[in-house]
Amino acid sequence: MIILKPKQPNVFWRGDIITLLFLFVVCITFSRDLQYTKAEMAIMGLLITLSLVIRFIRKASTYDFKSEFKMQVPAYVKSLALLILFVFLLFLLFPTTGKSRNIVMLLLVAFPVLSMGVNFFIQRATNPVKAHNDAIKYTLVAGTGRLAQVVEKNIASQKNNNYKVRGFVNCLKEPCFIGSEKIVSDIKGIQQYLQSNPVDEIIIALPAQASRKVQHIISAADYHGIRVKFIPDYQDVLGSQYKITRQGKLDVINVRQLPLDESYSLFWKSSFDKFFSAFVLILLAPMFLAIAAIIKLDSPGPVFYCPTRIGRSGRPFKVYKFRSMRECDALTGGLLSTQKNDPRITKFGQLLRKYSIDELPQFINVLLGEMSVVGPRPHRSFLNHELQQSVDKYMIRHYFKPGITGWAQVNGWRGPTDTDEQKRQRTLHDLWYIENWTLGLDIKIIFLTIFSKKVHNNAF
């Protein structure tokens, strides 16, 4: 969260690829003016692949700044020996003749020598990075409250870091979460402390409203040429699901950052929705025609019932369902909830509703971009308003598209919302879903929708 030691780059494998490609071009140039054959291109690709696989298996491709190059030479030589052995075996299994064979042999001779030189150059070029990362960095934490304690624990929890906390500066009249023996100064004495003790950086762990104290610490750090990191304490106010982004020249806090706020997550979910719904509609088209015919024969009226529901951002839309009743509620502003043994339900409608077959046309809504395959179920306007007033954070479920099925439904919280517990549990499950979304979770919910008995417990 606060101090992360930079991961060391895996540079050797890049050097090997550059070396192989350079030698390949040189060999071809001297043999016949850059005229490649398909066999040579395949051999080149195979050499690079073999080299990377062997180096990865032997862990010789990872550059460790803490070990000398000469310590890595034995592992590197063994990797090259394995590469040569594999190529020799390939020659025995798939013999080649002429210039192609000569080029490969030249590569195998020149590659070890040249690549060792390239990697030695990498070692020398990265020595300053090694020295910088190995040096101990003394840190002073400004603050003694809960946030300062979090900073201390975070630094202590990071393995192989070179940060060492010098101590803590008492800046505010706040509950102290730091042992008194660790407090080395107060804010008035910070200048004198910095003058007498080597410090590489100061971490300010204070509330944003303590702006004067923060500015005083920054001024003291600037006077002594010390780097400063400021950790704003937003968690107590905003919770844990926030994200700081940059918008032009402004730092912007997204107060409730959710998985589907990430562009790549939204892309995968949207793509899955489109492909899956198209597949289902094509696969079930014959069944849809049969259901439509039975509905028309079973009772007079249209095949589809298209009531208005509340979708993303509270916008109304028409949802497609197979009609399962003789007398349906009003399409817009309907108030009649379905009851158990409701006399309005037709005989065929009972079957449709029991197995949620009446919901299948909603895959059309998914293709139209109004719904997702998985998400919080859309409610009627009056029920939406009722839950908005009675259940905390209910409207957060409208951040994203509603779904044909959802986490609440597969956990048995579908159907009636007569009691406070039913309303609360449905909302809690919907909120948990959008806070923990993964594509794997969507697939799991689809599986449970088809095979779990809980889904049909309250279906009527």
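The model is predicted.

Now show what surrounds Phe 276. Setting aside neighbours within four places in sequence, Phe 276 is in contact with Phe 363, Val 373 and Ile 446. Pick Val 373 from that list. Along the chain, Phe 276 and Val 373 are 97 residues apart. Their C-alpha atoms are separated by 8.0 Å.

**Helix 10**

Select residues 263–283 to see the whole of helix 10. This helix has 21 residues. From its first C-alpha to its last, helix 10 reaches 30 Å, close to the 30 Å expected at 1.5 Å a residue.

Next, colour the buried residues of helix 10: Ser 265, Lys 269, Ser 271, Phe 272, Asp 273, Ser 277, Val 280 and Leu 281. What do the buried residues of helix 10 pack against? Their partners are helix 11 (285–298), helix 13 (362–367), strand 12 (372–374), helix 16 (420–435) and helix 17 (439–451).

**Helix 10 meets helix 17**

Two packed helices are described by the angle between their axes and the distance between the axes. Here the axes of helix 10 and helix 17 come within 10 Å and cross at roughly 30°. The crossing is right-handed.

Show the side chains at this contact. From helix 10 come Trp 268, Lys 269, Phe 272 and Phe 276. From helix 17 come Leu 439, Asp 442, Ile 443 and Ile 446. The residues of this contact divide into six nonpolar, no polar and two charged.

Move to another part of the chain. Look for an open sheet of five strands, with parallel pairing and the order 3-2-1-4-5. Which strands are at the edges? They are strand 3 (183–186) and strand 5 (227–230), and each pairs on one side only. Neighbouring strands of this sheet are turned by 30° against each other on average, direction ignored.

Zoom in on strand 1 (residues 137–142) and strand 2 (residues 163–170). Six bridges join these parallel strands. For one example, select Thr 139: its bridge partner in strand 2 is Val 165.

Helix 6 (residues 146–157) lies across strand 1, strand 2 and strand 4 (201–204), running at about 170° to strand 2. Helix 8 (residues 211–224) lies across strand 1, strand 4 and strand 5, running at about 175° to strand 4.

Note on methods
Residues numbered from 1 in each chain as written. Predicted model: local features only at pLDDT ≥ 70, side-chain atom pairs only at ≥ 80, totals over all residues. Heavy atoms only, no water. Helix = DSSP H or I, 4+ residues; strand = E, 2+ residues; numbered from the N terminus. Expected span 1.5 Å × (residues − 1). Buried < 20%, exposed > 50% of the residue type's maximum accessible area, 1.4 Å probe, protein only. Contact = heavy atoms within 4.5 Å. Pairing = 2+ DSSP bridges. Axes fitted to C-alpha atoms, helices over the stretch in contact; angles between N-to-C directions. Left-handed = near helix turned anticlockwise from the far one by under 90°. Nonpolar A, V, L, I, M, F, W, Y, C, P; charged D, E, K, R; others polar.
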